[in-house]
Amino acid sequence: MRILLTNDDGYHAPGLAVLETIARQLSDDIWVCAPAEEQSGAGHSLTLSRPVRIRQHDERRFSCSGTPTDSVMMAIGKLMPDKPDLILSGVNRGANLGDDITYSGTVSAAIEGALAGIPSIALSQVYAKEGMGDTVPFAPAETWGVQVLRPLLAMAMPPRTLININFPAIPAAEVQGIRVTRQGFHDYGRGSIVEGTDPRGYRYYWFGLHGIEHSLAHDSDLEAIDDNFISVTPLHLDLTHDASLAALRSAYAV
């Protein structure tokens, strides 16, 4: 099985090394193409206004000057001799839960894989507090990663779908198990905006990472993480709201 690894935290991120440790327990045909620098919050963005550059680090290892989406597109379209059998994106430093998945470069890399018809899985490690930087512990992801992935590899994913996995922010031995979940939704008293003044006297703003209130639906990814379970959420790319079609057609009827 040929596996492509990518992320949004950047080529040198600790979580990518964790992902490679997981992947090498599944295959020895591992390719890496990840953003050269951190692209957290890039979503499904594509670089169009400047050239994308590739740096080769080894026979099957590349970094890309662009976004996670760029990285997947370049790997599939230019760098790999054949399409991968599987794309793994992560392990992200931080949660990708609820409606925050719409911002996520980690999930969006998996979305790009799904659009290309390749089974794709995003993996994220929740952490407990702000300011942890590269000290975020990835032990739950590293310990449980293969166990979570193996059943997924035995399944045929429906077209234009992907899987979003989140590991809770607790010691690996305290993980309660694996729970299949729905995407949750936050109650948007949105996270903090930190204001400051730079050395030249100009005001700046920084989006903070303070906790966001959320309502715990019984079967949501948010609840699973709060209950110390690993969440496994199937996502699909058809954003059409079917329930509105009839009303809208009636509104536009001549």
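This is a predicted model: local features need pLDDT of at least 70, side-chain atom pairs count only at pLDDT 80 or more; totals for chains, interfaces and linings use all residues.

Visitor: Which residue of strand E4 is the bridge partner of Pro35?
Guide: Strand E2 (residues 29-35) runs parallel to strand E4 (residues 61-64), and the two pair over 4 bridges. Strand E3 (residues 54-58) also pairs with E4 over 4 bridges, but in the antiparallel sense. Ile54 stands opposite Cys64 in E4. The bridge partner of Pro35 in E4 is likewise Cys64.

Visitor: How many residues lie between E3 and E4 in their hairpin?
Guide: E3 and E4 pair in the antiparallel sense. They form a hairpin, and the number of residues between them is 2.

Visitor: Is Leu48 buried or exposed?
Guide: Leu48 lies in the loop between E2 and E3. Together with Leu46 and Met73, Leu48 forms a nonpolar surface patch with about 320 Å² of accessible area. The relative accessibility of Leu48 is 73%, and the cut-off is over 50%, so Leu48 counts as exposed.

Visitor: Which element gives the most residues to the largest nonpolar core?
Guide: This core has 33 residues, of which Leu5, Leu88, Ile121, Leu123, Leu149 and Ile165 touch the most other members. At least two residues each come from several elements, including strand E1 (2-6), helix H1 (14-23) and helix H4 (139-153). With 6 residues, the element that gives the most is H4.

Visitor: What is the relative accessible area of Glu20, which meets Arg24 in a salt bridge?
Guide: The side chains of Glu20 and Arg24 meet at 3.0 Å, N to O. Arg24 is partly exposed, with a relative accessible area of 44%. Glu20, by contrast, is buried, and its relative accessible area is 14%.

Visitor: How many residues apart in sequence are the parts tied together by Arg61 and Glu20?
Guide: The side chains of Arg61 and Glu20 meet in a salt bridge of 2.8 Å, N to O. Arg61 belongs to strand E4 and Glu20 to helix H1, so the pair ties together parts whose separation in residues is 41.

Key. Residues are numbered from 1 along each chain as its sequence is written. Side-chain values use heavy atoms; hydrogens and water are left out. Two strands pair if DSSP finds at least two bridges between them. Patches are made of residues with over 30% relative accessible area and no salt bridge: like charges are joined within 9 Å, nonpolar side chains (Val, Leu, Ile, Met, Phe, Trp, Tyr) within 5 Å. Accessible areas come from the Shrake-Rupley method with a 1.4 Å probe; for residues, only the protein chains shown count as cover. A salt bridge is a side-chain nitrogen of Lys or Arg within 4 Å of a carboxyl oxygen of Asp or Glu. Buried means under 20% relative accessible area, exposed over 50%, partly exposed in between (1.4 Å probe, protein chains only). A nonpolar core is a set of buried Ala, Val, Leu, Ile, Met, Phe, Trp, Tyr and Cys residues joined through side-chain atoms within 4.5 Å.
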